[in-house]
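This report looks at selected local features of a predicted model. It moves from a helix and its surroundings to an aromatic pair and then to a sheet.

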Amino acid sequence: MASDNPIIALGEWHPAGSSRSVPSSLAEAGERLTVHDDAGAELSSGKLSAVEISPRVGAVARRITFPDGSLFGTSDNDAIDGFLARKGRGREGIIHRMERFHPRLIAFVAAAILFGALIYRFALPALVEVAVAVTPPIVPRVMSSSTLEALDRTVLDQSELDEARRGKILDGFGDIAALSGVGGERYTLNFRKGGAIGPNAFALPDGTLILTDELVELAGDDTEMIVGVLAHEIGHVELKHSLRQIYRAAGVAALIMVIAGDIGSGAEDVLVQGGGLLSLSYSRSAEAAADRHSVELMVKSGRDPAAIARFFQLIETKLEDRSETSIFSTHPGTPERRKAILDLITELQARPR
């Protein structure tokens, strides 16, 4: 028997607990909703107050759930909205309103960026300090091994320095390493051809130091200058700058992955390994502290404390780096730092012995 009630929308009816689908129509019968099949037989009905109508979310099909557990589905969202409006229940779902009002999405993106910035500015430094404090010795060794492996695979090459030159540098390095806070056994010096890195020296968290052939060539016969640079890198290790930077780089990579979601294993590798390479650069305050450590360690070993200052003078003259900062160097601000080193030497020499 055909229904005389006005049809609201066409769709599919599903019995309770069944995946069976029946082509049907949703109709209004006073304060009730009814579902009929194509032959007009009633399949389900219920008071409007007892029927659950899902909110609109874009073009997603609507679901009308009846008290008996059966369900009517329809993609005619406009028809359902029109019916609800006539019944005084025309408010759209909050998700659909946000979807339609695109400036809200911009606000959400801005909020996510702000949230990430706050974590980076305040939470990440605190977490890094906690991580540094509780890190067991095995972790820096693993970090350093993987970072050196990545560098050897991507930018570094086997050193071409002759054994005599290496021997002089190793002798000086051994002297200052033995006078460091943790002793010479903690440190190892590796020679590499720098390639894209060029004249440089850097330290990894476990005390592994890398010195490039290009820096040795730049220093010429001034072995004392090279030893001063290595004393600076020992300072980074003893003050745990390298470990902090690696944790910070890992934290930034994790933050990006949390915000961006599944970015793929390749992108994750770029973030993690790239973060490891970027962790070789330090803040201005960290560089200043390592400079001071170099001067103090050179004085302690009876060597020339101005050696590291000569290194910066060399960078200024030969590499024409006279800027206060340089994005191409892991040791920025050479003129300013050279002056600070000379001032420190004057201060130390003026102290009563």
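## Helix H1 and Asn77

Asn77 belongs to helix H1, which covers residues 77-86; helices (H or I, at least four residues) and strands (E, at least two) are DSSP runs, numbered from the N terminus. With a relative accessibility of 4%, Asn77 counts as buried, a term that means under 20% relative accessible area, whereas exposed means over 50% and partly exposed lies in between (1.4 Å probe, protein chains only). A polar atom of the Asn77 side chain lies 3.3 Å from the backbone oxygen of Val60. Leaving aside residues up to four places away in sequence, Asn77 touches Arg56, Gly58, Ala59, Val60 and Arg62, where contact means heavy atoms within 4.5 Å.

The buried residues of H1 are Asn77, Ala79, Ile80, Asp81, Phe83 and Leu84. The elements that cover them include strands E1 (7-14), E2 (22-29), E3 (32-37), E5 (52-53), E6 (62-65) and E7 (71-74). After H1 comes Gly88, which has a positive phi, near 75°.

## The aromatic pair

A search of the whole structure finds one aromatic pair. Phe311 and Phe312 form this pair, with 5.4 Å from centre to centre and 55° between the planes, and the arrangement is tilted; rings of Phe, Tyr and Trp (its six-membered ring) pair if their centres lie within 6.5 Å, with planes under 30 degrees apart counted as stacked, over 60 as edge-to-face and the rest as tilted. Phe311 is buried at a relative accessible area of 6%, and Phe312 is buried at 1%.

## The four-stranded sheet

Four strands form an open sheet in the order E8-E9-E11-E10, with mixed pairing; two strands pair if DSSP finds at least two bridges between them. Strands E8 (157-158) and E10 (201-203) stand at the edges, each with a single partner strand, so one side of each is left without a neighbour in the sheet. E10 and E11 (residues 208-212) run antiparallel and are joined by three bridges, and Ala203 stands opposite Leu209 in E11.

Helix H5 (residues 163-178) packs on the sheet, where it touches E9 (188-193) and E11, and its direction makes about 145° with that of E9. Helix H7 (residues 223-238) also packs on the sheet, touching E9, E10 and E11, and its direction makes about 145° with that of E11. Axes are lines fitted to C-alpha atoms, for helices over the stretch in contact, and angles run from 0 to 180 degrees between N-to-C directions.

## Basis of the values

Residues are numbered from 1 along each chain as its sequence is written, and side-chain values use heavy atoms, leaving out hydrogens and water. In this predicted model, local features need pLDDT of at least 70 and side-chain atom pairs count only at pLDDT 80 or more, while totals for chains, interfaces and linings use all residues.

Technical notes:
Polar contact = N/O pair within 3.5 Å; in protein donor to acceptor, adjacent residues only side chain to side chain.
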